[in-house]
Amino acid sequence: MKIRLNEDQEVVKMIKEGLKAKDGYCPCRLEKTEDNKCMCKEFKEQIADPDFEGYCHCMLYYKEK
């Protein structure tokens, strides 16, 4: 298993700017809760799933099997 950034540097730049503007909370989510703090709870759960391969909700990270 490997976690990596999206290959599209423009997406990475945009999401990182959004994270900075929202104090580390996912820019794709409205609520500022601990569940939405990057790396979000949803993606952590997807990482724990051995069958999951794909991007996190905001497309910043990708989990490879």
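Select Lys37 and Tyr25 to begin: the charged end of lysine 37 sits over the ring of tyrosine 25, at 4.4 Å from the ring centre. A charge counts as over a ring if NZ of Lys or CZ of Arg is within 6 Å of the ring centre and within 35 degrees of the ring normal. The model is predicted, so local features need pLDDT of at least 70 and side-chain atom pairs pLDDT 80 or more, while totals for chains, interfaces and linings use all residues. Residues are numbered from 1 along each chain as its sequence is written, and side-chain values use heavy atoms, leaving out hydrogens and water.

Next, turn to the aromatic pairs, of which the structure holds two. Select Phe43 and Tyr61: their ring centres are 6.2 Å apart and their planes lie at 15°, so this pair is stacked. Rings of Phe, Tyr and Trp (its six-membered ring) pair if their centres lie within 6.5 Å; planes under 30 degrees apart are stacked, over 60 edge-to-face, and the rest tilted. Phenylalanine 43 is buried, at 0% relative accessibility (buried is under 20% relative accessible area, exposed over 50%, partly exposed in between, with a 1.4 Å probe and protein chains only).

Now select Tyr55 and Tyr62, an edge-to-face pair with 4.7 Å from centre to centre and 70° between the planes. Tyrosine 55 is partly exposed at 27% relative accessibility, whereas tyrosine 62 is buried at 15%.

Finally, select Cys26, Arg29, Asn36 and Met39, which are among the residues lining the largest cavity. Phe43 and Tyr61 also belong to this lining.

Definitions and conventions
On a 1 Å grid over the protein atoms alone, a cavity is a set of points where a 1.4 Å probe fits but cannot get out, and a pocket is an open set with protein on both sides within 12 Å along at least five of seven lines; lining residues have an atom within 4 Å of a point.
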